[in-house]
Amino acid sequence: DGNYCLTCGSDKTLKLWNPHKGTALRTYQGHGYEVLDAAGSFDNSQICSGGADKAVALWDVTTGQVVRKYRGHAGKVNCVQFNQEATVIVSGSIDSTVRCWDCRSRRPDPIQVLDEAKDGISSVKLSAHEILTGSVDGRVRRYDLRTGQLCSDYIGSPITSVCFSKDGQCVLAASLDSTLRLLDKDTGELLGEYTGHRSTTYRLDCVLNEQDTHVGCASEDGHVYFWDLLEGSLALSLPVGQGVVQSLAFHPRLPCLLAATQGQVTLWREDAFTPEGDPG
């Protein structure tokens, strides 16, 4: 709902924050190595996370305890996502697989393994009936769970991040050739290319804003870049810090952005911004 945010890091912990006040609410400890990704459930009651300990963890937000740990990946877990009902966790690993875990079952093994990628999975996103993945093998793959079909688009350069547009018609992919590409989801047609940032080494996030008018990307030069989606022109460059900006997250409905770099998170918003129903 945009009222809270999650961070995870090399200190093996996750932290829950009220980003509008800058206050830390809770710390979650239970991973053995650095935590590489985390996501919250739709009702804010659960968190999933993945880390360099090859484990996927399901947490109870209120108690701070690990509810379940899912082990099955052969390498570090780069990315995790809940489905819309928070009944399934989908995780992507450098072991080249995507695994789907049932949150309600006591079974230790995944309900599905997607192993089409030829190299590590860097990014996973979900829609109501699709799983979108980006891989170091240079391919964007989209699994349609209703029809059981796989669509694959070859970008060529290792992919660091993928996401759906809000209208569900397009896919945005960031890759290590310092280029963002906007693809038509159904045909794979290249609709736009966006350059100007630097992405050659790290797994950096790409985003679309809350209205699908601009695409954004983190950069290794300490900035966040935004382009006009239709024109492809650079619209904004935000100086975030000295080092690599690794992670970006947009508020689901309002013009408000979080950027993470070198142990700190910065919040960017319009002057007129007011948090909805201040969560306290």
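View 1. Trp101 is buried, at 0% relative accessibility (buried means under 20% relative accessible area, exposed over 50%, partly exposed in between; 1.4 Å probe, protein chains only). Tyr70 is buried too, with a relative accessible area of 1%. The model is predicted: local features need pLDDT of at least 70, side-chain atom pairs count only at pLDDT 80 or more, and totals for chains, interfaces and linings use all residues. Residues are numbered from 1 along each chain as its sequence is written, and side-chain values use heavy atoms, without hydrogens and water. The structure holds five aromatic pairs (Phe, Tyr and Trp rings, the six-membered one for Trp, with centres within 6.5 Å; planes under 30 degrees apart are stacked, over 60 edge-to-face, the rest tilted). In the pair of Tyr70 and Trp101, ring centres lie 5.3 Å apart and planes meet at 35°, so the pair is tilted. Tyr70 sits in strand 7 (residues 66-71) and Trp101 in strand 10 (residues 98-102), so the pair ties together parts 31 residues apart in sequence (strands are DSSP E runs of at least two residues, numbered from the N terminus).

**View 2. Tyr194 and Trp227.** Their ring centres are 6.1 Å apart and their planes at 50°, so this pair is tilted. Tyr194 is in strand 19 (residues 190-195) and Trp227 in strand 22 (residues 223-228), 33 residues apart. Both residues are buried. Ring pairs join Tyr194, Tyr225 and Trp227 in a cluster.

**View 3. Lys185 in its loop.** Lys185 lies between strand 18 (179-184) and strand 19. Lys185 is buried, at 12% relative accessibility. Its side chain makes a polar contact of 3.0 Å with that of Glu130 (N or O atoms within 3.5 Å; within protein, one able to donate a hydrogen and the other to accept it, and sequence-adjacent residues count only if both atoms are side-chain atoms).

Definitions and conventions:
Helix = DSSP H or I, 4+ residues; strand = E, 2+ residues; numbered from the N terminus.
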